Amino acid sequence: MNCNAVFDAVRARIEELQAGQVSRAEKVVAAVKEALNDKKTYEGALLTKLRETGVVPVVKTDALGEILNKRNHAAHPNNSAATAKDAYYVFEKAVTYFLCEQARPLQFKIDTLMRDIYTEGFFTDPIIDDVARKVDE
């Protein structure tokens, strides 16, 4: 259930960023929609596209990958079953990286600022505006 909560929270967050015109988030949302339209689970597509686009820090995609691996291992055990230690590990990662509301507004402000910096007219000098767009590309 922790895994589901994390992936639902990440998906909702990426959809918020997409609504805020963050172009990298649009690519992630499109990959999730494609997976769902193909009647597949979206978690793998979400993780892959997050890694490709860099829309969230690497430490978060690594944590998300670890959570997904633990979930998959628990759902489809090979020679060993998931343990209480595994469950606690997922819980700890989930709270630390994805479900803590204190960190979310700051990250959202940073994402919004980054989006605004790359919009035309943010800087008063057209040359700086042009440079900012080229750096973003």
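The expected span is 1.5 Å times one less than the number of residues, and helices here are DSSP runs of H or I with at least four residues, numbered from the N terminus.

A word on the source: this is a predicted model, where local features need pLDDT of at least 70 and side-chain atom pairs count only at pLDDT 80 or more, while totals for chains, interfaces and linings use all residues. Residues are numbered from 1 along each chain as its sequence is written, and side-chain values use heavy atoms, leaving out hydrogens and water.

Which residues of α1 are buried? They are Cys3, Val6, Phe7, Val10, Arg13, Ile14 and Leu17; buried means under 20% relative accessible area, with a 1.4 Å probe and protein chains only. Seen down the axis of α1, these buried residues fall within an arc of 125°, so they line one face of the helix. That arc is taken from the directions from the helix axis to the C-beta atoms. After α1 comes glutamine 21, with a positive phi near 70°.

Now, the rings. Arginine 11 has its charged end over the ring of tyrosine 42, 4.8 Å from the centre. Lysine 70 likewise lies over the face of tyrosine 89, at 5.1 Å from the ring centre. "Over" asks for NZ of Lys or CZ of Arg within 6 Å of the ring centre and within 35 degrees of the ring normal.

Thanks, everyone!

Methods: Buried < 20%, exposed > 50% of the residue type's maximum accessible area, 1.4 Å probe, protein only. Helix = DSSP H or I, 4+ residues; strand = E, 2+ residues; numbered from the N terminus.
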